[in-house]
Amino acid sequence: MNRNASFLGLAVIGVASVAFFVRRPLMMSAPRCMAGQWHGCFDTFNGVVLMTLVTLPLAALVAWALAHRRRAAGVPWAWRTSLAEVGMVHGTVPFVWLTMMPGEAAGTAPARVSLVPLRDLVTMGALGIVGNLLVFASLGFFAPMRFAALASAPRILALGAGCSVLVETAQYVLRLDRVSSVDDVLVNAVGALLAGLASRPWWRTTAQAPSDRPRRALTPTG
């Protein structure tokens, strides 16, 4: 219980710190986001980040409802499982949304591919590298907490790489005026791995994790 409370407290402090430092640029998108306008909100970085923060209470409510239902059914690790499920979705979808935003010449510019490893890292810059590390960080952090089959470093790395390949392929096929780069795949996968290692104390290992389904009580026979 103390560990879970500490984890929740750190998460709240982290979100509050991010919101404090980026409050001014986020407020620039607030009027259009509150009006439900697509242009200027859902097609901008500030708008997506703002809506991600605004929907945090809803995500917390969903996690609470799932955990309450699981606890009532006698499912073990109800809170951890519920938080992991909501965290994977709420922490990953906004970043994937940002990576799939079309550029100015989407649909007309030729699809671009960079298959030489480490060549694009120089042009990414520090901000670009950090952003790529965060794309699948939530997935890498929460997936092994939810699925025992993913509770190992190589599998988390493979999960991040596989999801990144899907995103890069979609960018290429849809001609979003973005470069489909192998370096993006590498950095995304490393980000998922690092986040997964950070959540290692809460991993749901096969040896420790009971089934999600509540066990039926044994009835005497004879």
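Analyst: On a 1 Å grid over the protein atoms alone, a pocket is an open set of points where a 1.4 Å probe fits, with protein on both sides within 12 Å along at least five of seven lines; lining residues have an atom within 4 Å of a point. Please note that this is a predicted model, in which local features need pLDDT of at least 70, side-chain atom pairs count only at pLDDT 80 or more, and totals for chains, interfaces and linings use all residues. Residues are numbered from 1 along each chain as its sequence is written, and side-chain values use heavy atoms, without hydrogens and water.

User: Which residues line the second largest pocket?

Analyst: Its lining consists of Phe42, Val48, Met51, Thr52, Thr55, His90, Val93, Pro94 and Trp97. Helix 4 (45-54) and helix 6 are the elements that give two or more residues to this lining, and helix 6 gives the most, with four. Helices here are DSSP runs (H or I, at least four residues), numbered from the N terminus.

User: How should I read a pair of aromatic rings?

Analyst: A pair is described by the distance of the ring centres and the angle of the planes. Rings of Phe, Tyr and Trp (its six-membered ring) pair if their centres lie within 6.5 Å; planes under 30 degrees apart count as stacked, over 60 as edge-to-face and the rest as tilted. The structure holds two such pairs. The planes of Phe141 and Phe142 stand at 75°, with the centres 5.0 Å apart, so this pair is edge-to-face. Phe141 and Trp202 form a tilted pair, 6.4 Å centre to centre and with 45° between the planes.

User: Why does the pair of Phe141 and Trp202 tie together parts that are apart in sequence?

Analyst: Phe141 lies in helix 8 (residues 137-146) and Trp202 in the segment after helix 10 (182-198), so the parts joined are 61 residues apart in sequence. Phe141, Phe142 and Trp202 form one aromatic cluster.

User: Is Phe141 buried or exposed?

Analyst: Phe141 is buried (under 20% relative accessible area, with a 1.4 Å probe and protein chains only), at a value of 14%.

User: What is a nonpolar core?

Analyst: In soluble globular proteins, nonpolar side chains tend to be buried together. A nonpolar core is a set of buried Ala, Val, Leu, Ile, Met, Phe, Trp, Tyr and Cys residues joined through side-chain atoms within 4.5 Å. The largest one here has 17 residues, and those with the most contacts inside it include Met88, Phe141 and Phe142. Helix 8 gives the most to this core, with six residues.

Definitions and conventions: Buried means under 20% relative accessible area, exposed over 50%, partly exposed in between (1.4 Å probe, protein chains only).
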